[in-house]
Amino acid sequence: MRARLATTVGGAAATVSRLAGRDGSVIGGIIGLRLEPGLLSLLAADRQVVLVTGTNGKTTTTRLITAALAPLGQEIASNIYGANMEAGLTSALSRAPGAPIAVLETDEKYIPAMVKTTNPKVVVLLNLSRDQMDRAAEIWLLARRWREALAAAPGCRVVANADDPLVAWAASSARQVTWVAAGQRWREDSWCCPNCGSHLHRDGDDWACGECGGRRPPVSWVLSGDQVIDPSGRSTPLDLKLPGRANRSNAVIALAVAEAFGVHITQALGELRAVTSVAGRYTQVNRRGCEIRLLLAKNPAGWLEALDVLAPAPAPVLLAVNAQGPDGRDTSWLWDVDYRRLRGRNVLVGGERKLDLAVRLEADEVPFRLVNDLDEAVDLARAVAPNLEVLANYTAFQQYRAVLGRTQ
Amino acid sequence: MTRPLRLVWIYPDLLSTYGDRGNLLVLERRARLRGLPVEVAEVNSNQPVPRDGDIYLMGGGEDLPQTLATRRLQADGGLHEAANRGAVVFAVCAGYQVLGMEFGGADGAQVPGLGLLDIRSGRGERRAVGEIVADVDPALNVPRLTGFENHQGVTRLGPQARPLARTTLGTGNGDGTEGAYAGRVLGTYLHGPALVRNPGLADLLLHWAAGPLPPLPPQAGELAQRLRDERLAAVSPSQ
């Protein structure tokens, strides 16, 4: 009774905050949790919960899993705006009280607590790499906490990327694991064995520790180029609208989750192919005759993947970096990204920390031009190409989105 | 021309948490711009540390990798050998602690360090995260340091080490000093690419290794200077 009351209050608060013009993601959850600290666990009871975590791709994968489960024909609760801590999860469930399924993006640090609280059917572990270390936990420590939390949750199935040694080590404590060869583009955080610390032998996507015997587990789903190989061994082209290797990787993970819900790959894949943008990412916008595409990347691994999906020259590339709280106030990570492949391209540099980026590009001998705002970049771009590729970190991306939104 | 300047990056597989490559790139660039040929060796923890390097670099790392790196460097002996014959060693954050007599390990126990610098580090109460500004020992003739720190270490210097700088903003060693040096072994809590905003410190290391340096070409250091000025102004707007 108390839970139901608090649920109503939480939902009402979300409605209020929606009416106030915000997306209502967190306010309802905060108020609801204050009234009933056990609210999230009550809301999660009797639902099939999927928790999605990792350093990169959480929002997109959550969206893809939600799409892949659509053939079930059931309502699905999800925190589609990326509010991924306890209050965000609570709000998402409050807003969809009747949804029997919940697909919830979850902050990496909150996974142990959320596994305990929501009793998930599936936990998805995508990848683990350095990210905003002025406020995020160190990743070896994080992997250990995941490992302990999953060992204590024998009822849950883990869908994990076997190609990421840190993720694989964390997931291997779980009772049931679906291993996915989802690839690993960024390797700078996994040259050493997470179990014993020895330098790993790596050969393609395979990895093994010569000391403690830790090795890449046998996989049942495989991303192979643009093809997915399912557990029966059959190969199917993914043909996604979303660009890039990282999204193909996210899609294969989503297919593995769909399978755990009994959704056949053919049906699930049809839904994945219909997804064209996720919370503004990959959106194409025309501004004064220039086709702008917005790419978001928040850390070195994300930038590496994003640089891979840039449209080819002559399209200019605008790189923008801020260092506000949500971005991490430390720009050191810029030095972990290899920009040399931008040599010979028309590169523009913006954002509040453009000088940090400029010095970085100079060191990689990538010529560039500093710009003060998006329109200056558009003007420069229009002189040489019909389109402009924009790659920005979190708040820089949001600032550009706001600028573009006003002209829509 | 003498032989190329040899830069050795120690254990990027264990000690390279956040942009540590920046220090290597800055040293390499500032040497090349002056016409000094450079050779770079990136040495992983399963490889022997070359004995004949001129400047050795060590980065930051989490607790467990820090302890593992220390054990391997002890067993290898290469860094000791190089430091004892006067090679330059520059280490940041976890690497700085590794150079010392001991530091706080993952489980709270003290771990013996390499003993190349007379410092002892332990774990502080609070994590120091944020911009740091510090005035360098005048004997080194290096302009004020600007950087970012992110550590929970507290470091005390013994009589054989001198403080690198005195903090005007941030935590550093925790007693108003920041970093330490002895001879040509130098460590700092400025984390990651510490040399990017401190080209003067980069040039000190190059000078130690290669002797008096020819001047940089005009404008080559201009962007770094702008970044440095911007960061210093951002944390002390009155100056």
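**Group meeting: a walk through the two-chain model**

Okay, let's start with the sheet in chain A: nine strands make an open sheet, ordered 2-3-1-4-5-6-9-10-11, and the pairing is mixed. At the edges sit strand 2 (76–78) and strand 11 (235–237) of chain A, each of which pairs on one side only. Going from one strand to the next, the twist averages 20°. Before I go on, keep in mind that this is a predicted model.

Let me show you both kinds of pairing in that sheet. Take strand 5 (residues 157–161) and strand 6 of chain A: this pair is parallel, over five bridges. Now move to strand 10 (residues 227–229) and strand 11 of chain A, which run antiparallel and are joined by three bridges.

Next, a helix pair. In chain A, the axes of helix 2 (residues 27–35) and helix 5 (residues 86–95) come within 7 Å, crossing at roughly 100°. Anything from 65 to 115 degrees counts as roughly perpendicular, and helix 2 and helix 5 of chain A are therefore roughly perpendicular to each other. On the helix 2 side of chain A, the contact uses A:Gly28, A:Gly29, A:Ile30, A:Gly32 and A:Leu33. Helix 5 of chain A brings A:Glu86, A:Ala87, A:Gly88, A:Thr90, A:Ser91 and A:Ser94. By class, the residues of this contact between helix 2 and helix 5 of chain A are three nonpolar, seven polar and one charged.

Here's a residue I'd like you to look at: A:Glu108, in the loop between strand 3 (101–105) and helix 6 (111–118) of chain A. Is A:Glu108 buried or exposed? The cut-off for buried is 20 or more other C-beta atoms within 10 Å. A:Glu108 has 22, so it is buried. Setting aside neighbours within four places in sequence, A:Glu108 is in contact with A:Thr53, A:Thr55 and A:Leu142.

Zooming out to domains. Chain A is assigned domain 1 (39–273) and domain 2 (284–406). Taken over C-alpha atoms, the centres of domain 1 and domain 2 of chain A are 28 Å apart. Where they touch, 16 residues of domain 1 of chain A are in contact with 14 residues of domain 2 of chain A. The domain 1 side of that contact in chain A has three nonpolar, six polar and seven charged residues.

One backbone detail while we're in chain A: the peptide bond from A:Ala313 to A:Pro314 is cis, with omega near 10°. A:Pro314 is in the loop between helix 11 (300–309) and strand 14 (317–320) of chain A.

Now the chain–chain contact. It takes 23 residues from chain A and 30 residues from chain B. Which helix of chain A gives the most to the side that touches chain B? That's helix 12 of chain A, with six residues. Helix 7 (139–151) and helix 12 (354–363) of chain A each supply at least two residues there. The side of chain A that touches chain B comes out as twelve nonpolar, three polar and eight charged residues.

Last stop, two residues in chain B. B:Tyr11 has phi near 55°, a positive value in a residue other than glycine, and B:Asn141 also has phi near 55°. As for where they are, B:Tyr11 is in the loop between strand 1 (5–10) and helix 1 (21–33) of chain B. B:Asn141 is in the loop between strand 7 (119–136) and strand 8 (145–157) of chain B. B:Tyr11 has 29 C-beta neighbours inside 10 Å, so it counts as buried. B:Asn141 has 11 other C-beta atoms within 10 Å, so it is exposed.

That's my tour, thanks.

Terms used:
Residues are numbered from 1 along each chain as its sequence is written. Chains are lettered from A and ligands numbered from 1 in the order in which they are written. This is a predicted model: local features need pLDDT of at least 70, side-chain atom pairs count only at pLDDT 80 or more; totals for chains, interfaces and linings use all residues. Two residues are in contact if their C-beta atoms, placed from the backbone, lie within 7 Å. Helices (H or I, at least four residues) and strands (E, at least two) are DSSP runs, numbered from the N terminus. Ala, Val, Leu, Ile, Met, Phe, Trp, Tyr, Cys and Pro count as nonpolar, Asp, Glu, Lys and Arg as charged, and the others, Gly among them, as polar. Domain bounds come from an automatic or database domain assignment. Axes are lines fitted to C-alpha atoms, for helices over the stretch in contact, and angles run from 0 to 180 degrees between N-to-C directions. Angles under 35 degrees count as roughly parallel, over 145 as roughly antiparallel, 65 to 115 as roughly perpendicular and the rest as oblique. Two strands pair if DSSP finds at least two bridges between them. A residue is buried if 20 or more other C-beta atoms lie within 10 Å of its own, exposed if 12 or fewer, and partly exposed in between; C-beta atoms are placed from the backbone.
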